[in-house]
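Please read the following walk through a structure with the coordinates open beside the text.

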Amino acid sequence: MPAAVLHSTVLDTLGRRITAGELRAGAVLTLQELGAEFGVSRTVAREVMRMLEGLGLVRSSRRVGLVVLGIESWNVLDPRVIAWRLEGPGRLAQLRTLTELRHAVEPLAAAGAARYAPVEVRTELMDIAQRMRALGEAGEATQAEFLALDIRMHQLLLRASGNELFGALSELVTAVLSGRTALGLMPASPVPAALDGHEAVARAVALGDPVAAQRAMAGIVDEVQGSLPDDAGVAAS
């Protein structure tokens, strides 16, 4: 098996175990144990541990090994950590916290896009909203098609917001939108309110109206929050 595949397989397995709580804070891992379990060399095991350490999931301790760290040390905004958490038993709690972050950021990003987005971005946003409307009303949209358009719109808004920190969160928003679909929290067909909301955001950005853009985006994220199950607030342990 190629080294890159081995790295990915071992990294994903250990990342899921740690973020799911199967390996709790304080647990100790050794290169020898990892090599025996996964059938990999010490070089591969060491590289995986470096990657996990870079994500804040473990800490190297002399004469002890690699100590698993608690969530307060994790790089919780890294797309890999997000993906692992969305695959684990705490997926709904993770989706809740990601949605709350969206609520704090995306309305302001939409307002920023209304101020700073170049003409080509404003045009593309209108095109995306119209395509979402056409697909939704014709009943021809597959979840994959609609999701791709939805992701593209939110990425454009974040990146055109005039705030590089918002732009850096575009992959995070991709993860939460994909996570809703994977968890079956998206309707079989787009609801009219979602179509209206995305169209309203695109129109406000095209017209350069930051107040309307912020209000419309807040409405979109409000709908997302309202659709989460009640147990989405239960944290993983």
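Val205 touches Ala110, Ala113, Ala114, Ala117, Arg122, Leu125, Leu157 and Ala213, leaving aside residues up to four places away in sequence, where a contact means heavy atoms within 4.5 Å. The model is a predicted one, in which local features need pLDDT of at least 70 and side-chain atom pairs count only at pLDDT 80 or more, while totals for chains, interfaces and linings use all residues. Residues are numbered from 1 along each chain as its sequence is written, and side-chain values use heavy atoms, with hydrogens and water left out.

Val205 is also one of the residues that touch the most other members of the largest nonpolar core, which has 27 residues, together with Leu125, Met153, Leu157, Val201 and Met217. Such a core is a set of buried Ala, Val, Leu, Ile, Met, Phe, Trp, Tyr and Cys residues joined through side-chain atoms within 4.5 Å, buried being under 20% relative accessible area with a 1.4 Å probe, protein chains only. A second, separate core of 22 residues includes Leu11, Val40, Val48 and Leu52.

Elsewhere, an open sheet of 3 strands runs in the order β1-β3-β2 with antiparallel pairing, strands being DSSP runs of E with at least two residues and helices runs of H or I with at least four, numbered from the N terminus; two strands pair if DSSP finds at least two bridges between them. Because β1 (28-29) and β2 (58-61) stand at the edges with a single partner strand each, one side of each is left without a neighbour in the sheet.

Key
Buried means under 20% relative accessible area, exposed over 50%, partly exposed in between (1.4 Å probe, protein chains only).
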